[in-house]
Amino acid sequence: MRLDHEAFRSETETFRSRLLLWAPLVLALYMFVWPTFKRVALLPLLERFLPGAVSHFTPPPPFPGLTSHLTTEHFWATMPGLAVAMPFLLICGFVTVYLMGAKAYCSYGCPYGGFFAPVDRFAPGRIRVTDACRQCGHCTVSCSSNVRVHEEVREYGMVVDPGCMKCLDCVNVCPKGALYFGFGPPAAAKPSPRTGTFFRAYDLPLSEEIVLAAVFALSFFALRGVYDVIPVLMAMGMAGCTAYLAWIGGRLLRMPDVALQNVTLRAEGRLTGAGRVTAVGVAVVGLLVAHSALVNAHRTRAERWDREVRVPVSEAFRKHRAPLDPVDRERAQAAARHYRRADRIDRGGFGLLATPEMTLRRAWLALVLGEIDEAEAHLRHRIAAGGEVAPMRVDLARTLRLAGKDAGAERELRDLIALDPADPAPQRELAALLESRGDLEGAVAALVVVHHLAPEDRGSRERLIYLLLRLGRPREAARYRD
Ligand code: SF4
Ligand code: SF4
């Protein structure tokens, strides 16, 4: 029995995009090549010839109390929690499969596949065909990678689709035993005898492909990192689903008969119940993605301005500091404004969630702008979100001192010292507070502790020597000299 190809195509209408197939390769280059290229070539070149542009490629500086850890003992704390892992599994493991086929994520999302696909074109080992093929189409129906096996073996004498996993399902089901795995010329050496090109036929017209690729790219940038919860691989899966739903939405508007898998959405120009639900779902997804795009756009602009603020930490925490440079003020205000718009609705923005990182940046910018009460409020909000908050609590104590709330600052520091007596940071800050209050003995006691905990801290040691001399204890001071 030979196959009616057009009837077969409409019955097995699946989503085979030629442009989206490039998305994993772009992602792979971004994930595995771009960071090294940036570090080894781009940043050194910019530092030499265009130093002003370096800040565009580096993250905003950390809030003063935070340190960058290259190692951690809390490995699992660096992993996404259940709130991210479950939707990740649901979207990348189930929704993409339901919408676009069994290997959809492998084809349109996986960066490793992005590297494998171009290399596969040169692989000599492929699914090949003999003259026994009768074009019945069983092989295509059995393929869970959405490969049009019967068409490809007819056109090329082998499967050329890089999505082929060499699982041999098609070989097993062929009633004529016409398929086999064998070695010969690679796919790259065999243009289509019909089109004369190396490009395979795909289901979608190029105009639809271009719209799809644009929706995919916009959705990816809208969703990636939004609220600091969507990791890049999840954003790929979500962008693929969004692009697919946009494609279905477009078909619902234009075509009289539309189906999603075996569910009829529109028949003879009339929407079915499932069609109406799908149309509403597509609209809701579109609105959510557009909203995320707006939030991410404000966040990106905020970070751009934030990177340009050049106020030293020591200056920001100085009680009687020089007036802020007008350029820095303008940049800090712009950054603060965009961070606020990207923040949660009850915090002055139009986002759906507040993120700890953004709250910390808002605290820093408020401090830079001299809005001490606001800086305190943001810091308290960030501390309440949890995590490694001890450095932030030291910053909170410093901020409270700026606001003249010395009693609150001392309470915060003593509380921290009680929690972790081996941390020199609160002791150092307590020494400064006690000294400013005239309690030199108390300051000396705190600095002695700092010296024992962090003997490499030259600044604290010199302060200790100075205070001991002021207290008329030169012999004791001499013990701390080099
Ligand atoms: S390869 Fe086998 S299963 Fe596929 S179309 Fe030919 S005869 Fe049918
Ligand atoms: S080997 Fe597997 S993945 Fe490749 S064409 Fe055959 S059924 Fe599809």
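**Conventions.** I am working on a predicted model, in which local features need pLDDT of at least 70 and side-chain atom pairs count only at pLDDT 80 or more, while totals for chains, interfaces and linings use all residues. Residues are numbered from 1 along each chain as its sequence is written, and chains are lettered from A and ligands numbered from 1 in the order in which they are written.

**Sheet.** I took helices (H or I, at least four residues) and strands (E, at least two) as DSSP runs numbered from the N terminus, and I counted two strands as paired if DSSP finds at least two bridges between them. On that basis I noted an open sheet of three strands in the order E3-E4-E5, with antiparallel pairing. Strand E3 (258-260) and strand E5 (270-271) are its edge strands, each pairing on one side only. I found that E3 and E4 run antiparallel and are joined by three bridges, and that Ala259 has Thr264 in E4 as its bridge partner. Strand E4 (residues 263-267) pairs with E5 over two bridges, also in the antiparallel sense, and here Arg266 stands opposite Leu271 in E5.

I then checked the packing on this sheet, and found that helix H11 (residues 273-308) touches E3, E4 and E5, its direction making about 90° with that of E4. For such contacts I required C-beta atoms, placed from the backbone, to lie within 7 Å.

**Hairpins.** The hairpin of E3 and E4 has two residues between the strands, and in it Gln261 takes a positive phi near 55°. The hairpin of E4 and E5 likewise has two residues between the strands, and there I noted a positive phi near 50° for Glu268.

**Helix pairs.** I used axes that are lines fitted to C-alpha atoms, for helices over the stretch in contact, with angles running from 0 to 180 degrees between N-to-C directions. Angles under 35 degrees count as roughly parallel, over 145 as roughly antiparallel, 65 to 115 as roughly perpendicular and the rest as oblique.

Helix H10 (residues 232-254) and H11 have axes that come within 10 Å and cross at roughly 130°, and the two helices are therefore oblique to each other. In their contact, Thr242, Leu245, Ile248, Gly249 and Leu252 of H10 meet Gly275, Thr278, Ala279, Val282, Val285 and Val289 of H11. I sorted these residues into seven nonpolar, four polar and no charged, where Ala, Val, Leu, Ile, Met, Phe, Trp, Tyr, Cys and Pro count as nonpolar, Asp, Glu, Lys and Arg as charged, and the others, Gly among them, as polar.

Helix H13 (residues 326-342) packs with helix H14 (residues 356-368) at an angle of about 150°, their axes 10 Å apart, which makes H13 roughly antiparallel to H14. I listed the contact residues, among them Ala332 and Tyr339 of H13 and Met358 and Leu365 of H14; the contact divides into nine nonpolar, no polar and two charged residues.

**Ligand shells.** I counted a residue as near a molecule if its C-beta atom, placed from the backbone, lies within 6 Å of it. Ligand 1 is surrounded by 15 residues, the closest being Cys133, Cys136, Cys139, His150 and Cys174. Helix H6 (138-142) and helix H7 (149-156) are the elements that give two or more residues to this shell, and H7 supplies the largest share, three residues. Around ligand 2 I found 14 residues, of which Cys143, Cys164, Cys167, Asp169 and Cys170 are the closest.

Technical notes. Contact = placed C-beta atoms within 7 Å.
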